[in-house]
Amino acid sequence: MPSLFRRKRLMVVLVGFIVLVALIGFSIRDRDSLSTPEKFLQDSIGWVQTVFHKPVSLVDNTIENVKDMFGVYEQNEVLKARLSEYKGVIQENQRLKSEIEELKNTMDKTDSLSDYSPIQATVIARSSDRWFEQMTINKGEEHGVEKDMAVMTSDGLVGKVKSVGAFHSTVQLLSGFDRSNKISAWVVREGEDEAFGLIEGYDDESGRLLLEGIKLDEELSPGDTVISSGLGGVFPSNLRIGTVEEVVNDQFGLTQTAYVEPFADMFDISHVMVVDRTAETIESEMDQEEDAS
Amino acid sequence: MSRYFIALLCLFFLIMQGMAMSLLPANLVYSDLLMTPHWILIFLLIIAIFYDSDDTYHAVWYGLVFGLLIDVVYTGVLGVYMITYTLIIYTVHGLNKWLHANFFAASLLAIIGVALADTMLYIIYSFVQITTMSWGEYALLRLLPTLAANMIFFIILYPLVKEKVHDWAEEVSSL
């Protein structure tokens with residue numbers, strides 16, 4: 001019966017299309033957490049990835065180490081020269097730190113927005129699909145990682161946690177940021193107050209972040225440092241983001257947009273830390289109040 | 001037996017896809033030309049061509065399962081790879097009836113498969129506005145490098161697995 005067969009195939013195509021639309025609709029909306037099967041799959045694949053990652057990264061590191069060995073002498077000379085400079089800086093830093101501590105004590109203010117506890121993690125895989133700039137790290141809910149936490153390397157901010165499984169989580173890199181991932185930021189200038197702006201996206205062509213909403217009368221110069229302000233709720237303040245490269249007026253001429261070159265290399269990442277802010281966010285405080293009542 | 005081997009190999013490629021992106025030299029993988037590895041698809045196309053007979057559809061089911069796994073692990077948008085891989089493998093399985101199963105026919109089908117799959121992913125992602133790239137840019141910066149990179153992988157993989165897959169097919173048909 002060819003007609004029945006053809007009808008069956010049509011049914012399969014239609015059902016497939018409906019499933020596709022339903023699944024995309026289900027997964028693309030702004031979800032607070034992953035569904036249990038997704039978490040389970042992510043963790044099981046994560047374990048296997050860790051098993052494979054160990055020997056491969058061992059070989060990779062050995063090659064890297066051998067390469068590094070050739071440059072050790074020159075590096076050593078440069079570092080020695082730097083070291084003497086730093087001694088002075090350390091002393092000054094310690095003095096300032098104790099001063100801040102004292103001042104805080106007199107003010108009865110114990111936790112500040114810049115305090116955080118880092119969770120060290122290793123990158124075990126990166127999304128193979130190039131439409132998605134994300135990677136998998138080997139720490140999850142059990143280690144204290146939560147959605148929307150900031151992720152850094154030693155150079156600076158690289159992204160934020162997109163979703164968490166029990167033992168692994170997915171990190172959205174800065175290069176994959178769009179308008180739904182905003183970071184409130186300050187531009188640090190010499191001899192002036194900080195200028196406020198929002199990181200609202202990433203310019204694919206030039207590989208720079210877009211810092212938008214800067215007031216027209218603020219004057220920024222290329223080379224100014226951009227740090228997180230901690231006012232967005234989840235990120236602590238003083239995380240290094242990048243340097244200002246170029247400032248233009250936005251399309252309506254009401255505010256300015258700065259192009260920011262990130263400090264961190266988005267491509268060569270192997271170790272990161274997830275930043276757990278010490279100061280409580282409004283939401284978690286509300287949760288606690290609910291629990292108390 | 002051979003079914004589990006195929007599933008294990010697919011899992012291996014799934015993991016290697018993600019590892020390759022983080023471990024291969026950055027200036028090769030992250031130049032202006034963006035290539036996406038479709039290793040599972042290529043392996044499953046070989047399975048569809050040499051393992052499946054005209055009326056068995058093992059590769060299609062593998063495509064469904066491992067497509068969904070890619071969605072969960074690497075993209076977070078469910079269903080896209082699942083449907084794309086299933087459809088492409090089914091199409092290639094159908095085309096295979098008109099061609100002799102040899103290297104040239106297989107590589108032709110692999111090129112067609114990868115090109116169709118990548119284009120379909122692009123179309124779906126641009127519908128849900130994950131990408132806003134234009135067609136011209138996509139073809140030049142993504143499609144061509146992706147095709148080239150995946151063909152290199154196909155040429156390496158083909159001699160390694162072809163005999164094995166052929167043996168498996170005979171083993172299954174003799175049962």
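Colleague: How much of residues 123–275 of chain A is strand, in percent?
Modeller: This is a predicted model, where local features need pLDDT of at least 70 and side-chain atom pairs pLDDT 80 or more, while totals for chains, interfaces and linings use all residues. Residues count from 1 along each chain as its sequence is written, with chains lettered from A and ligands numbered from 1 in the order written. Over 123–275 of chain A, the end C-alpha atoms are 15 Å apart.

Colleague: In what order do the six strands of chain A close into a barrel?
Modeller: The pairing is antiparallel, and strands pair if DSSP finds at least two bridges between them. E9(A) (225–228) and E10(A) (240–249), for instance, pair over three bridges, and A:Val226 has A:Gly242 in E10(A) as its bridge partner. The barrel order in chain A is E6-E7-E8-E11-E10-E9.

Colleague: Over to chain B: are H3(B) and H4(B) roughly parallel or antiparallel?
Modeller: Their axes, lines fitted to C-alpha atoms over the stretch in contact, come within 8 Å and cross at roughly 165°, on a scale from 0 to 180 degrees between N-to-C directions. Angles under 35 degrees count as roughly parallel, over 145 as roughly antiparallel, 65 to 115 as roughly perpendicular and the rest as oblique. H3(B) and H4(B) are therefore roughly antiparallel.

Colleague: How many charged residues are in the contact of H3(B) with H4(B)?
Modeller: Residues are in contact if their C-beta atoms, placed from the backbone, lie within 7 Å. Among those meeting here are B:Leu44 of H3(B) and B:Phe66 of H4(B). Ala, Val, Leu, Ile, Met, Phe, Trp, Tyr, Cys and Pro count as nonpolar, Asp, Glu, Lys and Arg as charged, the others, Gly included, as polar. The contact has seven nonpolar and two polar residues, and the charged count is none.

Colleague: Which helix gives the largest share of the side of chain B that touches chain A?
Modeller: The contact takes 34 residues from chain A and 27 from chain B. H1(B), H4(B) and H5(B) each supply at least two residues of the chain B side. The largest share, seven residues, comes from H1(B).

Conventions: Contact = placed C-beta atoms within 7 Å. Helix = DSSP H or I, 4+ residues; strand = E, 2+ residues; numbered from the N terminus.
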